[in-house]
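Here is a briefing for a first look at this structure. Keep the sequence and the 3D view open while you read.

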Amino acid sequence: MTGTEGPALLRVRDLKTYFVTEQGKGTARAVDDVSFDLYPGETLGIVGESGCGKTVTSLSILRLVPEPPGHILPGSVIEFEGRNLLALAAPELRAVRGNQIAMIFQEPMTSLNPVFTVGDQIAEAAIVHQHLSRKAARARAIEMLQLVGIPDPKERVDHYPHQLSGGMRQRVMIAMALVCHPKVLIADEPTTALDVTIQAQILELLDRLQNELGMAVLLITHDLGVVAGHADRVVVMYAGRVVETAPTSGLFEQPTHPYTEGLLAAVPRIDAPRSRLHAIPGQVPAATAWPTGCRFHPRCPYAWDKCVTQEPPQLETGAPGHTARCWLVTEPERRQAKR
Amino acid sequence: MTLVDVRDLVKHYAGERRWFGLGRPAAAVRAVDGVSFAIASGKTLGLVGESGSGKTTVGRTMLRLQEPTAGKVLFEENDVFALDATRLRALRRRMQIVFQDPYSSLNPRMTVEETLREPLEIHGLSGAVPALLDEVGLDAAFAKRYPHELSGGQRQRVGIARALSVEPKFVVCDEPVSALDVSVQAQVLNLLADLQTRRRLTYLFIAHDLAVVRHIADDVAVMYLGKIVERAPAAEIYAQPRHPYTRALLSAVPEPNPRASKQRIVLAGDIPSPAHPPSGCPFHPRCPHPLKSERCHTEPPPLREITPGHLAACHYAEKPM
């Protein structure tokens, strides 16, 4: 764990990724003006529900958004160690992708190739990026399988994905991502498809590998519990926007944006007695028609006329590193009045 | 009063025969292997387990959506497995199911109204679709819509309305909220709780999420590899789990509190295949209990009462971890 001093490793500024939808339905503004920093060695959690733009954000970083229908708008900046990834030519980008910035996906079943052995798939990145010989790459693959805690790595290296369980496949995915010792690991819902006891294993593994290898992790998840236990800082997204950014402890102790507050109250707690859950009324609006003003106002218990017409900027809440895109920061008495 | 009584329910799926159906069959998958429980009228039993534990098969077999291998299910004293087709159909009116995936459990070519009318017509009932929609919190205008026009939460509300249209007494809720986002999940859970009070419903609530179950269940049963390993009143099982598997499941739930300093038990290994369950206690290869012994390898522990109303299948349940 490190602080937020010094230069950021990854700087995302004003990222806009839009999708052209079927004729007549307009443009889906999936990611709309997103900015955040990722510092060396830290874990930054990006939290939000379906359709908030968190996955498209992560895909945009490595330019994996299919074009068309998607496109990243000019003016967006994704800076890695001072270079704008959006301005790189394809070969230069390939040297970064999978080498210095690696990614693991939600579905270990569909993101592994069923006709190659896991050893071949892990070795591929080492051969491409580090120019290892086949033999050396195979040895590296075995080493990686050992590192991610797969028993009998010398045998498993020749297995095909279908011969492995879901948890084992996710371990293989992690081994593939880490084979070149990346500086940044983007983990997009790495445990969502797994059972809870297996999820605990994978999260523990990621924590251990981060400590050993010192990489920065961008942890994308819908699960506030996962973030609470594993992130240093958190970015909360809603309707294509970042609505709150804070150190993890600050976010959970003093959620400032009403969406964060509502989301935290809606999580069923294992330590709470049987009770009615807090529900956020309504549903996430469509990306083709975000509401005017603050995008959360139709569902917000505090909203007043200003929220309908004027969108708030990121406002400093006063706590270090804590910002929220909400007018309540300037008029906190309105929150008290509602309570 | 007991509404549903399940006794020694067994469901095995025959293994496939190799060599184009001529060879020896592979080992049978023991999806459900002797499960017993009862649910009192108006109460909710939470049935919890991970993938492959057999929890969904229990729910489906109880309604005879699948034929059982052995065992008995009594519903209001009727033996569900002994009924002929006509009487089974009559009974189905009283036992309904809400499915997990609101995307695949609604017919995409039927409007919401047609979906809700169908069960009424089958059972020769008259019922008002607008009233049903209102009861599940949907505007009457939704009647003319197709499933693709609805969000996940709205679809699940339609699935609930469909189950309720024939006025059942008992509803199997098979992971009804696990495909939904947190904020919507809370809406649907609250709806299910309200409907239970209003209509005096009895639920079997199947889920993998112990935190969700905590908010709806009166009693909780935990399944592992086709067997119930622990069963107790909800407050009791969360406060004092007796089985090491329940203990590990509870500790693995990620808590939305960065200061939670609980001792996490991370189980080693994967869930074994129900086609080849381990000998003795099915949990022994992953069991972190310090007292684990040779006995656990050889002798399957029976589900027995440890304290009044609290059952556990562990040789060392008196000395929980």
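A residue counts as buried if 20 or more other C-beta atoms lie within 10 Å of its own, with C-beta atoms placed from the backbone. By that cut-off, strand S8(B) is mostly covered, with 6 of its 6 residues buried. The model is predicted.

**Chain A as a whole**

- Chain A holds 12 helices and 13 strands.
- Its radius of gyration is 21 Å, close to the 20 Å that the globule rule gives for 339 residues, so chain A is as compact as a globular protein of that length.
- Along the principal axes, the C-alpha atoms of chain A fill a box of roughly 70 × 50 × 45 Å.
- Of the 339 residues in chain A, 48% are buried.
- Take the contacts in chain A between residues at least 6 apart in sequence: 63% of them join residues at least 24 apart.

**Where the chains touch**

- Chain B gives 35 residues to the contact, and chain A gives 37 residues.
- On the chain B side, four helices each supply at least two residues: H7 (182-199), H8 (210-214), H9 (234-239) and H10 (244-252).
- H7(B) makes the largest share of that side, with 8 residues.
- By type, the chain B side divides into 20 nonpolar, 9 polar and 6 charged residues.

**The sheet of chain B**

- In chain B, 8 strands form an open sheet with mixed pairing.
- Their order is S6-S7-S8-S3-S9-S10-S12-S11.
- Strands S6 (95-98) and S11 (304-307) of chain B are the edges, and each pairs on one side only.
- From one strand to the next, the twist averages 25°.
- Helix H6 (residues 152-164) of chain B packs on the sheet and touches S6 and S7 of chain B.
- The direction of H6(B) makes about 175° with that of S6(B).

**Strand S7 of chain B**

- S7(B) is mostly covered: 5 of its 5 residues are buried.
- B:Phe170, B:Val172 and B:Asp174 point one way from the strand, B:Val171 and B:Cys173 point the other way, and all are buried.
- S6(B) and S7(B) run parallel and are joined by 4 bridges.
- One pairing there sets B:Met95 against its bridge partner B:Phe170 in S7(B).
- With S8 (residues 202-207) of chain B, S7 (residues 170-174) of chain B pairs in the parallel sense over 5 bridges.
- Two positions illustrate this pairing: B:Phe170 stands opposite B:Thr202, and B:Val171 stands opposite B:Tyr203.
- S7(B), H7(B) and S8(B) make a right-handed β-α-β unit.

**Strand S8 of chain B**

- Both faces of S8(B) are covered.
- B:Thr202, B:Leu204 and B:Ile206 lie on one side, B:Tyr203, B:Phe205 and B:Ala207 lie on the other, and all are buried.
- S3 (residues 44-48) of chain B is joined to S8(B) by 5 bridges, and the two run parallel.
- B:Thr44 stands opposite B:Tyr203 in S8(B).

**Backbone details**

- Most residues other than glycine have a negative phi, and most peptide bonds are trans.
- A cis peptide bond joins A:Glu67 and A:Pro68, with omega about -25°.
- Another cis peptide bond joins A:Pro68 and A:Pro69, with omega about 10°.
- A:Pro68 lies in the loop between helix H1 (54-61) and strand S4 (70-72) of chain A, and A:Pro69 is found in the loop between H1 and S4 of chain A.
- A:Asp33 is not a glycine, yet its phi is positive, about 75°.
- A:Asp33 lies in strand S2 (residues 27-38) of chain A, and it counts as partly exposed because it has 16 C-beta neighbours inside 10 Å.
- B:Arg64 is not a glycine either, and its phi is positive at about 60°.
- B:Arg64 sits in the loop between helix H2 (55-62) and strand S4 (70-75) of chain B.
- With 16 C-beta neighbours inside 10 Å, B:Arg64 counts as partly exposed.

Note on methods. Residues are numbered from 1 along each chain as its sequence is written. Chains are lettered from A and ligands numbered from 1 in the order in which they are written. This is a predicted model: local features need pLDDT of at least 70, side-chain atom pairs count only at pLDDT 80 or more; totals for chains, interfaces and linings use all residues. Two residues are in contact if their C-beta atoms, placed from the backbone, lie within 7 Å. Ala, Val, Leu, Ile, Met, Phe, Trp, Tyr, Cys and Pro count as nonpolar, Asp, Glu, Lys and Arg as charged, and the others, Gly among them, as polar. Two strands pair if DSSP finds at least two bridges between them. Axes are lines fitted to C-alpha atoms, for helices over the stretch in contact, and angles run from 0 to 180 degrees between N-to-C directions. A residue is buried if 20 or more other C-beta atoms lie within 10 Å of its own, exposed if 12 or fewer, and partly exposed in between; C-beta atoms are placed from the backbone. A crossover is right-handed if, with the strands pointing away from the viewer, the path from the first strand over the helix to the second runs clockwise. The radius of gyration is taken over C-alpha atoms; the globule rule is 2.2 Å times the number of residues to the power 0.38.
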